[in-house]
Amino acid sequence: MTRLGSSRSILLFALQVLLFSVALFAAWYYVTPVSVATAWGAGRIAAATDAIERATAKVQGRQATFEVEPDHETIRRNRLPTDAVVDVPVNPLKHTFGLPFFLALLLASRPPGLLWKAPLGSLVVVALAAVSLACELLVQVGLMRGSGSEPLFLFGAGWREAMALGFQLGTLIFPTVVPAMLWAWMDRETLRQFLPARR
Amino acid sequence: MLRFGLLFAAIIVALFAAELTPPAQRYFVAPWTSGVAQVATATMKAFDPAVVAYGPTVMSTKNGFAVTILAGCNGVEAMIVLIAAMLAFPAPWKHRLVGIAVGIVAIQALNLARIVSLFYLGQWDREVFEWAHLYVWQVLVMIDALVVWLVWLRTLPRTERLEGAAPA
């Protein structure tokens, strides 16, 4: 474990985080399953809203395209074909880059229980990325207009508030702050090294 | 740790909510962002006279390439995270204020490097620009904030460190 007992070792820790980040970011960029899992979760969340029947993601390369099927009420109101599908492209990487950051922090400090902390933390980061991706998808869907320039999909007030909040949190907090918070929670021993008695 | 986590979450949500209000955007975020663009332009002018700033937009008069500094690129969010972390941790107000001041300088210094690098990366390769803009620099700024916070913890008097680091 990295000892964070001095300012110098904090900088060494930061250097290790950077070095692990280089390797992990490269792996994350080329590993599609992270995007597939995130997009799958986002599709399930989107389908739980009141205007979407189903949202299926197809991940090709680094881009996810959601095939969004409107619910019966949306089809009836807009006089759409019963098999209407709207394609919405979204970049899942914008929401999942917290994963290599979290793993780099964890590998740099190497806390006890790393083997369960890494997968558990990754699960939390990917789950929050799915929420964030779903909110971006729903915001895009909510902005779509029908032939008479009226909104194509009508979401309830609660869903609209949740989308706006989720989009803000997903953009500002989830990919950067949550990994650091998770690391601090999972590696409290490192933080306790600041105790004078341990020096 | 639990107390710190809850306080940190509460303060960060309150500060982000305050930042998004129209008065904060008008009287703090917009002028701050323009100031960041002006400082970045002045820095680049030292070695590249073809750089000009129009409000939050930095442009090259050589090739017309321009970047606009928006929310998320002005360092305000990282400042909020650091301020929340310092306010949530038990410490004397004097230490908090000094830590916040030094932290803001550290974050803005790295953010300046970010803007300058992105300005030239964008003129060189669009894909590399996107990669650095969307992923790499966001993490680097957060590591900067984390390091400042950890170093700040080291400077705290003994009693506060003991209280703050006590198990939940």
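**Reading a helix and a chain**

Analyst: Let us begin with burial, judged by relative accessible area under 20%. In this predicted model, the buried residues of H7(A) are Met163(A), Gly166(A), Gly170(A) and Leu172(A).

User: Against which helices do the buried residues of H7(A) pack?

Analyst: Packing is read from contacts, that is, heavy atoms within 4.5 Å. In chain A, the partners of these buried residues are helix H6 (114-142) and helix H8 (177-186); in chain B, they are helix H1 (2-19) and helix H3 (76-88).

User: How is the length of helix H7 of chain A to be read?

Analyst: One compares the span with an expectation of 1.5 Å a residue. Helix H7 of chain A covers residues 157-172, 16 residues in number, and reaches 23 Å from its first C-alpha to its last, close to the 22 Å expected.

User: What is the order of elements in chain B?

Analyst: Chain B holds 6 helices and 3 strands. Read from the N terminus, their order is α-α-β-β-β-α-α-α-α.

User: What are the dimensions of chain B along its principal axes, and what share of its residues is buried?

Analyst: The C-alpha trace of chain B spans about 55 × 30 × 25 Å. Of its 168 residues, 47% count as buried.

User: Which atoms make up the accessible surface of chain B, and how far apart are the mean positions of its charges?

Analyst: Carbon and sulfur atoms account for 72% of an accessible surface of about 7900 Å² in chain B. The chain has 11 positive and 9 negative charges, whose mean positions lie 10 Å apart.

Technical notes: Residues numbered from 1 in each chain as written. Chains lettered and ligands numbered in written order. Predicted model: local features only at pLDDT ≥ 70, side-chain atom pairs only at ≥ 80, totals over all residues. Heavy atoms only, no water. Helix = DSSP H or I, 4+ residues; strand = E, 2+ residues; numbered from the N terminus. Expected span 1.5 Å × (residues − 1). Buried < 20%, exposed > 50% of the residue type's maximum accessible area, 1.4 Å probe, protein only. Areas by Shrake-Rupley, 256 points an atom, 1.4 Å probe, with all protein chains shown as cover. Lys, Arg positive; Asp, Glu negative; His and termini not counted. Charge placed at Lys NZ, Arg CZ, Asp CG, Glu CD.
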